[in-house]
Amino acid sequence: MTRSTAHNEGPKSDHTPVLKLENIHKSFGGVVAVEDFSLQLKAGEIVALVGDNGAGKSTLIKIVSGVHSPTHGTISLDGETVTFADASTARSQGIEVVYQDLALADLQPVYMNLFLGREAVYGPLKLLERKKMMSETQALVDELDVRIPSAKAIIRDLSGGQRQGVAIARATHWATKLILLDEPTAALGVAETAKVEKIIASLKARNIAILIISHSLDQVFRLSDRICVLRRGVQIGVKETAKTSKNEIVSMITGVS
Amino acid sequence: MTKLTSPNQWLDPKRYVVYLGFVLIFAFFAITLADDGFLTTRNLSNIVLQTAPATIMAVGFVFVLSAGEIDLSFGSITAVSALSAAVIMQEHSMLAGIAAGLGAGLAIGWFNGVMVAYLRLPSFLVTLATLGLFAGIARSMTNLRSIPVVNDTFTGIFGSGSLFGIPSLILWTLGAVIVGHVIYRESRFGAHVLATGDNANAAQVAGIKVPRIRLAVLMASGFCAGLAGLLYAGRIQAAKYTLGESDLMIVIAAVIVGGTALNGGKGSVVGALVGSLMMGMLNNGLILMGLPVSDQMIVRGLIILIAVAISLRDNTR
Ligand SMILES: Nc1ncnc2c1ncn2[C@@H]1O[C@H](COP(=O)(O)OP(=O)(O)OP(=O)(O)O)[C@@H](O)[C@H]1O
Ligand SMILES: [Mg+2]
């Protein structure tokens, strides 16, 4: 990857995409889920991924997070080609995901979910630092205004919106580079949706790149810099949000003009 | 933000079923069997000594269930381990015998674990098969003969001995429960076991090596069953293929009654200890009552059914 020469702003120039997908293809047996997909995301940019059910949006996110490996195509992070063996590799690169099914452990408390796979431990026996994890969790949910009874509450006892809040809090806590959000407000009421959108805006301010899947075009137009449309695995196009209209996006999604 | 603990966590009666059941059964036998020697120190300590192997198997079983798997083979592992130790000790040192016993447990646990974790076969079927397989191997190892264990040091350490006046079987039980409890509740490994049983997908995408956890819990179960085998061999000063054969139902019941979820993600090592003592007490009381063996089995089966039903009510996910 060549770095921009015009201005040198440290290791990450504005022109190096955080994430670059080139000709990504994924098929499950005979089913082609994603066909020849290419996209670049810059730091602090929000790209919305839209398309009907089964269009391949979640599959694409799982490819970036390392859950699936693409049948072919290349993924680059900060200009370097990467292959993710599993989800933990992507995580160690500062990529966080809010999955459509949230990926929370229902019978465990909130703070253990926040630190799932990254527990704070001490000593050779790797004993848990519960107090530390609890207080950090409490501080984080307070900051993000996620209203849960306590950091010790069991996920199963929370409402759908509260769970969504926990999943988003976890992603925002650990992400340094890129967040992938798969329908993050699907289960939320109006006030909670507004709150999540505020959190997403604050992530953008932290210069984190965001790829968000949403079925709400209003939300997509409120949040995104660009909109990428998928239809049955085929990339129909990428539009700058400021230069397109809902009608145009709808006709791209449905294929009816 | 106000810190409310979720209220049902502390008022939930199911958390206390095992303690309540323990007290009720104890009180019942204490009253009805007052003249039959139930309450004597000798009888009560006998109960603890007799349940030692089952309690240790239960500790391993808590880990297996919590990870969302099951191990039906631990009874056969116990027999193979005890026989391995006894056979080796006929010719070799005590340490070689101990290594053989525990090694056999670990090896069978590893075998189960590889099939479950890496070949993705259901643990129910794998361990049902190895239950039969190793029961057969235990029989053929010595042609159904029982092998005497004459090494006094061994029978002292694993059977009749004591340290500072505390019987060694009680020390082994306490040791297993404390170590098990700390690993289960306080260590990262324990947290990963719970997460795996709770939502294996979530654990996987959180970077937890789920197959490794599955392998580890089945090996832990094998190791515990192996240790239980040594305790049996130490206490009765012999090893036979029947050792551990009748523990399957008791151990599963003890663990479930002790608050471990059948589907994983939740459990208690201390609860399993109390559950196991409760089962031991039940056994002992029914014998003292003078019931014929057939009636003992019926009553025990019914009580286990009731206890398990109470523990699992509304607890299914
Ligand atoms: N693990 C899998 N195995 C087989 N086929 C799959 C798998 N995952 C997804 N698919 C298929 O790939 C296609 C795209 O699915 P995907 O979940 O990416 O859609 P989506 O755009 O996220 O839809 P929705 O809006 O409903 O969430 C579908 O036809 C689906 O059946
Ligand atoms: Mg989807």
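In chain B of this predicted model, helix H3 (residues 41–66) and helix H12 (residues 247–257) have axes that come within 9 Å and cross at roughly 60°. H3(B) and H12(B) are therefore oblique to each other, and H3(B) passes H12(B) in a right-handed crossing. On the H3(B) side the contact is made by B:Ala54, B:Met57, B:Ala58, B:Phe61, B:Val62 and B:Leu65, and on the H12(B) side by B:Asp247, B:Val251, B:Ile252, B:Val255 and B:Ile256. By class, the residues of this contact between H3(B) and H12(B) divide into 10 nonpolar, no polar and one charged.

H12(B) contributes B:Ile250, B:Ala253, B:Ala254, B:Val255 and B:Val257 to the contact, while H13(B) contributes B:Gly271, B:Ala272, B:Gly275, B:Ser276, B:Met278, B:Met279 and B:Asn283. The contact of H12(B) with H13(B) has eight nonpolar, four polar and no charged residues. B:Val255 is listed among the residues of H12(B) in the contact with H3(B) and in the contact with H13(B).

Helix H2 (residues 17–32) of chain B, with 16 residues, reaches 22 Å from its first C-alpha to its last, close to the 22 Å expected at 1.5 Å a residue. The buried residues of H2(B) are B:Val17, B:Val18, B:Gly21, B:Ile25, B:Phe29 and B:Ala30. These buried residues pack against H12, H13 and helix H14 (293–312) of chain B.

Helix H11 (residues 210–236) of chain B has 27 residues, and the distance from its first C-alpha to its last is 39 Å, close to the 39 Å expected at 1.5 Å a residue. Of the 27 residues of H11(B), 19 are buried, so this helix is largely enclosed by the rest of the structure. Just after H11(B), B:Gln237 takes a positive phi of about 55°.

The loop between helix H5 (94–117) and helix H6 (123–141) of chain B holds B:Tyr118. B:Tyr118 is partly exposed, with a relative accessible area of 45%. Not counting residues up to four places away in sequence, B:Tyr118 touches B:Gly113, B:Pro211, B:Arg212 and B:Leu215. B:Tyr118 and B:Gly275 are 157 residues apart in sequence and 32 Å apart in space, C-alpha to C-alpha.

**Positive phi in chain A**

Most residues other than glycine have a negative phi. Phi of A:Asn23, in contrast, is near 50°, a positive value in a residue other than glycine. A:Asn23 has its place in strand S1 (residues 19–28) of chain A. Phi of A:Asp145 is near 60°, again positive in a residue other than glycine. A:Asp145 is placed in the loop between helix H4 (130–144) and helix H5 (160–174) of chain A.

| Residue | Relative accessibility | Class |
|---|---|---|
| A:Asn23 | 41% | partly exposed |
| A:Asp145 | 27% | partly exposed |
| A:Gln93 | 32% | partly exposed |
| A:Met252 | 10% | buried |

A:Gln93 is found in the loop between helix H2 (87–92) and strand S6 (95–98) of chain A. Leaving aside neighbours within four places in sequence, A:Gln93 is in contact with A:Leu77, A:Phe84, A:Thr176 and A:Lys177. The C-alpha atoms of A:Gln93 and A:Ala175, which are 82 residues apart along the chain, are separated by 8.8 Å.

A:Met252 lies in helix H8 (residues 246–254) of chain A. At 10% relative accessibility, A:Met252 counts as buried, because buried means under 20% relative accessible area. Not counting residues up to four places away in sequence, A:Met252 touches A:Val229, A:Arg231, A:Ile236, A:Gly237 and A:Lys239. A:Met252 and A:Gln40 are 212 residues apart in sequence, and their C-alpha atoms are 20 Å apart in space.

Methods: Residues numbered from 1 in each chain as written. Chains lettered and ligands numbered in written order. Predicted model: local features only at pLDDT ≥ 70, side-chain atom pairs only at ≥ 80, totals over all residues. Heavy atoms only, no water. Helix = DSSP H or I, 4+ residues; strand = E, 2+ residues; numbered from the N terminus. Buried < 20%, exposed > 50% of the residue type's maximum accessible area, 1.4 Å probe, protein only. Contact = heavy atoms within 4.5 Å. Expected span 1.5 Å × (residues − 1). Axes fitted to C-alpha atoms, helices over the stretch in contact; angles between N-to-C directions. Parallel < 35°, antiparallel > 145°, perpendicular 65-115°, else oblique. Left-handed = near helix turned anticlockwise from the far one by under 90°. Nonpolar A, V, L, I, M, F, W, Y, C, P; charged D, E, K, R; others polar.
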